[in-house]
Amino acid sequence: MDDWKGNSRVFWTLSLPGSLWLLIFFLVPLGLLFFMSFGEKAVIDGQMSINEIDFTGTLSNYLRSFDSLYLTIIWKSIWVSALATLLCMVIAYPIAFGICFAPERWKPLLLLLVILPFWINLLIRTYALIAVFRTQGYLNLALGWVGLGPYDMLYNNFAVIFGLVYVYMPFMVLPLYATIERLDKSYLEASLDLGASQFRTFWKVTVPLTLPGIISGTILVFIPCLGSFLTPDLLGGANAIMIGNVIERQFKAANDWPFGSALSFLLMYATFGALALRTLFARRSKGVDI
Amino acid sequence: MAARGTGPLDYGSRLWLKVLFVVIFVMLYVPIVTLIAFSFNTDKRGIVWRGFTLDNYAKAWNNAALIEAMTNSLVIAFLATIIATVLGAMVALFLWRFRFPFKSAYEGFMALPIVIPEICMGVALLLFFINTGMMDAVVAWPWPFNLANIVIAHVAFCFPFVAVVVRSRLVGFNRQLEEASKDLGASEWQTFWNILVPFMKPGLIAGALLAFTLSLDDFVITFFTSGPETVTFPVKVYSLVRRGVSPEINAASTVLIVITVVATFIAMKLQTPVKSGKG
């Protein structure tokens, strides 16, 4: 690697365009959002203005986020995301485990099958789920053949959690696969030889050794779930609002940008917190992290 | 407890695991496959299979608003891909080549657009475009310049991904080739163009295809940065989906699925690691 001073002309030519783009079209907008979160709607001639904002340095927007109404939604976003993450884990672990122990020639195909849906537009996948779950949908049609239903399966928490699991599962399978694949299988053999049951071997050997993958996967699923907007919007409707939907509403229908900005920043702090946790765990389990 | 003829570690041949695999893959693929299948259905309400037809595709093709949205999406993806690939490749090159102070902080900064929630980036850009007057300004510009804001936003979240892909390709580069080229009298530029760029090519193509799919798929950021006049394909589908399910959306979605899946397959083919020093 060269020192940047050695060829500063090349260094600046290569680094400036990308850095400036990110500075102007990413960091500056985030800065604006940050300032906006400390602003208030301006009062002009005794009337609340629709689009003029005063930067008063107020904390009222953040305080408002802790109103019971919004606190309920934040709390709900957290447990819905946590439950979706847990379900992803329960489903993805055996899948990743199975792929690792599958015949060598099957592995690429199985991995591809897991990743492929991830490449299909999120909106289209959500739409596909709507077609399956709606009251006149395929699932109710199938249930009708055996004399059940029809049930209203859309527009509730169940639909949102199912949608989140469906959409973010690949994020869980990949890091799990990567760690299980590198797990030294002789440890498992040793444990089984020494008389531990399959169950005990799994809990005492496999799980602790694949913990880095479990943590990575958890963070990778939890973060997008927490910030999701499309899935709760289309599958949850008015009954299953998450923090992303509240933010969207502040910027579109409700037109309360300072409050929306404060909520966005709370969401970002939560994200950074999750990432920091991941780094912390990664440091502790040095060497096996992915 | 193991089945006959299987060792204790031979989990791959356990029946319960096989059953689980089938169940999960069925759950993953049934919605997508039915979506594609029902794009060929004659039934208007799209629940019961009544017969094969291409009418839905014809209808989607003749739906001017849908075609306009699709054209916008493709043009945005095309422009964003070109800019993002160039920027991403430059960032990858200088991160790969140079040592400089605060490098890990810079790398963290580059990774920010990848990790922060899309909705935060979307609303931040919305604020930015409105406060700088760009939101109102571009509306008056002729097509395709009125898409400028969306292109700018897409480049901002795509090029860090391109940088990651290109950089992982560059790791395999044998720097002696570079030295040899300079020893033989080539200038910095000639070495770059004749040695480095050909080596980077698979990474560049893979990165470009990744940027293309990311841009084509993006809904959330586009939803916030597009003015009321401009509609992209995902934004259009969103407004249609809110009104209900129709075979026309299935047809248009199928077209988009085919485009992205083909692009992904090419990208994955090109990303399979090549031995260093080759190319």
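The structure is a predicted model, in which local features need pLDDT of at least 70, side-chain atom pairs count only at pLDDT 80 or more, and totals for chains, interfaces and linings use all residues. Residues are numbered from 1 along each chain as its sequence is written, chains are lettered from A and ligands numbered from 1 in the order in which they are written, and side-chain values use heavy atoms, with hydrogens and water left out.

The contact (heavy atoms within 4.5 Å) draws 86 residues from chain B and 82 residues from chain A. Between the two chains about 8000 Å² is buried, and carbon and sulfur atoms give 79% of that area; buried area here is the accessible area (1.4 Å probe) that two parts lose on being put together, summed over both. Twelve residue pairs, both at pLDDT 80 or more, are in polar contact between chain B and chain A. A polar contact is a pair of N or O atoms within 3.5 Å; within protein, one must be able to donate a hydrogen and the other to accept it, and residues adjacent in sequence count only if both atoms are side-chain atoms. On the side of chain B that touches chain A, helix 1 (residues 15–37) of chain B gives the largest share, twelve residues. That side divides into 67 nonpolar, ten polar and nine charged residues, where Ala, Val, Leu, Ile, Met, Phe, Trp, Tyr, Cys and Pro count as nonpolar, Asp, Glu, Lys and Arg as charged, and the others, Gly among them, as polar.

Strands also link the chains. Strand 1 of chain A and strand 1 (residues 98–99) of chain B run parallel and are joined by two bridges; strands pair if DSSP finds at least two bridges between them. Helices (H or I, at least four residues) and strands (E, at least two) are DSSP runs, numbered from the N terminus. Within this pairing, Asp2(A) stands opposite Phe98(B).

Side chains of opposite charge can pair when their charged atoms come close. Over all chains the structure holds eleven salt bridges, each a side-chain nitrogen of Lys or Arg within 4 Å of a carboxyl oxygen of Asp or Glu. Four salt bridges lie between chain B and chain A. One of them joins Asp3(A) and Arg99(B) at 3.9 Å, N to O. Another joins Asp2(A) and Arg175(B) at 3.4 Å. This pair crosses from strand 1 (residues 2–3) of chain A to helix 8 (residues 175–183) of chain B. Asp2(A) is partly exposed at 26% relative accessible area, and Arg175(B) is partly exposed at 23%; buried means under 20%, exposed over 50%, and partly exposed in between (1.4 Å probe, protein chains only).

Arg175(B) also meets Glu178(B) in a salt bridge of 2.8 Å. These two residues are three apart in helix 8 of chain B, and therefore separated by about one helical turn. Glu178(B) is buried, at 7% relative accessibility. A further salt bridge, of 3.8 Å, joins Glu188(B) and Lys182(B). Both partners are partly exposed, Glu188(B) at 27% and Lys182(B) at 34%. Through shared partners, salt bridges join Asp2(A), Arg97(B), Arg175(B), Glu178(B), Lys182(B) and Glu188(B) into one network.

Arg97(B) lies in helix 3 (residues 64–97) of chain B and is buried, at 8% relative accessibility. Its side chain makes a polar contact of 2.7 Å with that of Glu188(B). Not counting residues up to four places away in sequence, Arg97(B) touches residues of chain A including Met1(A), Asp2(A), Asn7(A) and Val10(A).
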